[in-house]
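Colleague: Hi! Could you walk me through this structure?

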Amino acid sequence: MSLKITFLGTGTSQGIPIIGSKHPVCLSSDSKDKRLRVSVLVAWDDYKYVIDCGPDFRYQMLRAACDRIDGVLFTHEHSDHVLGLDDIRPFYFKQGDIPIYAHKRVLKSLRKRFDYIFATKNKYPGAPTVISNRIKNKPFKLQNLKVTPVNGLHDKLQVFGFRFNDFAYLTDMKTVSDEEVKKIKSVKVLVVNALRIDAHRSHFNLEEALKFINKVNPEKAYLTHISHLLGFHEEVEKTLPENVFLAYDGLEITI
């Protein structure tokens, strides 16, 4: 079974360019320096699942020519990861109720923010309907594939990463215990956040991300959730170890 991974977005919460910014990276003409909010599409056999559904979700689906999804997994409840939930409507109208998968705290937050989606009485007829699936810190099945959650901390907020076979996707991480690292040890492909050069209270910076990659020891690693403060894509790529790469919007890999 092979996995196809499409990077729908690789930017941080404001994306790149940032509105009104005159920073050189925000003014870059290189398409790889233009980053939507972070998300990936994971596909295998005839199945397609999205990890996170941020405010750029509609455009990401159009850009990827994605005509169906089988569900959405959420890492956590911050706006850049959830605000596109309403835009699952075209899939709902075509396919019916859309499964979502999240920690119980995240499901509670979604019910509050999108109360009209979760309404059981007098529901607005144009609203989509979801099937809520609570994720705990133990493996679960998506169709014919086992998915293993990877628990971490985003400052003090619990966040889930996910392992699909030999692919592991972690974003918005600052702390991951050795016990959780064991779950993804020596995967073929690791994706992990690397916000910027300087330290940050709730995200890996570049140095921390590279140390984490060494600990996991994947065949290849890709950096995501990138801010303009990391630098120009082309320049940063030249400084990375030979098996580490900057992800960029639209990148596709097969595992």
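Colleague: Let's start with glutamate 180: is it buried or exposed?
Modeller: Glutamate 180 counts as buried, at 9% relative accessibility. Keep in mind as we go that this is a predicted model.

Colleague: Which residue does glutamate 180 form a salt bridge with?
Modeller: Its partner is lysine 183, and the closest N and O atoms are 2.9 Å apart. Lysine 183 counts as partly exposed, because its relative accessibility of 24% falls between the 20% and 50% limits.

Colleague: How can side chains pair up like that?
Modeller: Side chains of opposite charge can pair when their charged atoms come close.

Colleague: How many salt bridges does a search of the whole structure find?
Modeller: The search finds 14 salt bridges. One of them joins the side chains of aspartate 70 and arginine 68, at 2.3 Å from N to O. Aspartate 70 is buried, with a relative accessible area of 10%, whereas arginine 68 is partly exposed at 31%. Another salt bridge links aspartate 86 with arginine 89, at 3.0 Å from N to O. Here aspartate 86 is buried, with 18% relative accessible area, and arginine 89 is partly exposed, with 32%.

Colleague: Nice. Switching to helices: which residues are buried in helix 7?
Modeller: Helix 7 covers residues 206-216, and its buried residues are Leu206, Ala209, Phe212, Ile213 and Val216. They sit on the same side of helix 7, because they cover an arc of only 125 degrees around the axis.

Colleague: And what is exposed on the other side of helix 7?
Modeller: Lys211 and Asn214 are exposed there.

Colleague: Which residues are buried in helix 4?
Modeller: Val106, Leu107, Ser109 and Leu110 are buried in helix 4, which runs over residues 104-113. Their arc around the axis is only 160 degrees, so they lie on the same side of helix 4. The face turned away from that buried side carries the exposed residues Lys108 and Lys112. Among the elements that cover the buried residues of helix 4 are helix 2 (79-82) and strand 5 (98-102), along with helix 5 (115-118) and strand 6 (130-134).

Colleague: Moving inside, how many residues does the largest nonpolar core have?
Modeller: That core has 27 residues, and those with the most contacts inside it are Phe7, Val42, Leu73, Leu142, Phe162, Phe164 and Phe167. Several strands give two or more residues to this core, including strand 1 (4-9), strand 2 (39-44), strand 8 (145-154) and strand 9 (157-164). There is also a second, separate core of 26 residues, which includes Ala194, Phe204, Ala209 and Val216.

Colleague: Which residues does phenylalanine 167 contact?
Modeller: Leaving aside neighbours within four places in sequence, phenylalanine 167 is in contact with Leu3, Ile5, Val42, Phe162, Val189, Val191 and Ile255.

Colleague: What about aromatic rings: how many pairs does the search find?
Modeller: It finds twelve aromatic pairs across the whole structure. Ring pairs link Trp44, Tyr47, Tyr49, Tyr101, Phe140 and Phe164 into a cluster. Elsewhere in our tour of rings, lysine 32 lies over the face of tyrosine 248, at 4.5 Å from the ring centre.

Colleague: What is the phi of aspartate 45?
Modeller: It is positive, about 45 degrees, although aspartate 45 is not a glycine. Aspartate 45 is found in the loop between strand 2 and strand 3, and counts as exposed at 52% relative accessibility.

Colleague: And where is aspartate 155?
Modeller: Aspartate 155 is in the loop between strand 8 and strand 9. Its phi is also a positive value, near 60 degrees, and aspartate 155 is partly exposed, with a relative accessible area of 27%.

Conventions: Residues are numbered from 1 along each chain as its sequence is written. This is a predicted model: local features need pLDDT of at least 70, side-chain atom pairs count only at pLDDT 80 or more; totals for chains, interfaces and linings use all residues. Side-chain values use heavy atoms; hydrogens and water are left out. A salt bridge is a side-chain nitrogen of Lys or Arg within 4 Å of a carboxyl oxygen of Asp or Glu. Buried means under 20% relative accessible area, exposed over 50%, partly exposed in between (1.4 Å probe, protein chains only). Rings of Phe, Tyr and Trp (its six-membered ring) pair if their centres lie within 6.5 Å; planes under 30 degrees apart count as stacked, over 60 as edge-to-face and the rest as tilted. A charge sits over a ring if NZ of Lys or CZ of Arg is within 6 Å of the ring centre and within 35 degrees of the ring normal. Helices (H or I, at least four residues) and strands (E, at least two) are DSSP runs, numbered from the N terminus. The arc is that of the directions from the helix axis to the C-beta atoms. A nonpolar core is a set of buried Ala, Val, Leu, Ile, Met, Phe, Trp, Tyr and Cys residues joined through side-chain atoms within 4.5 Å. Contact means heavy atoms within 4.5 Å.
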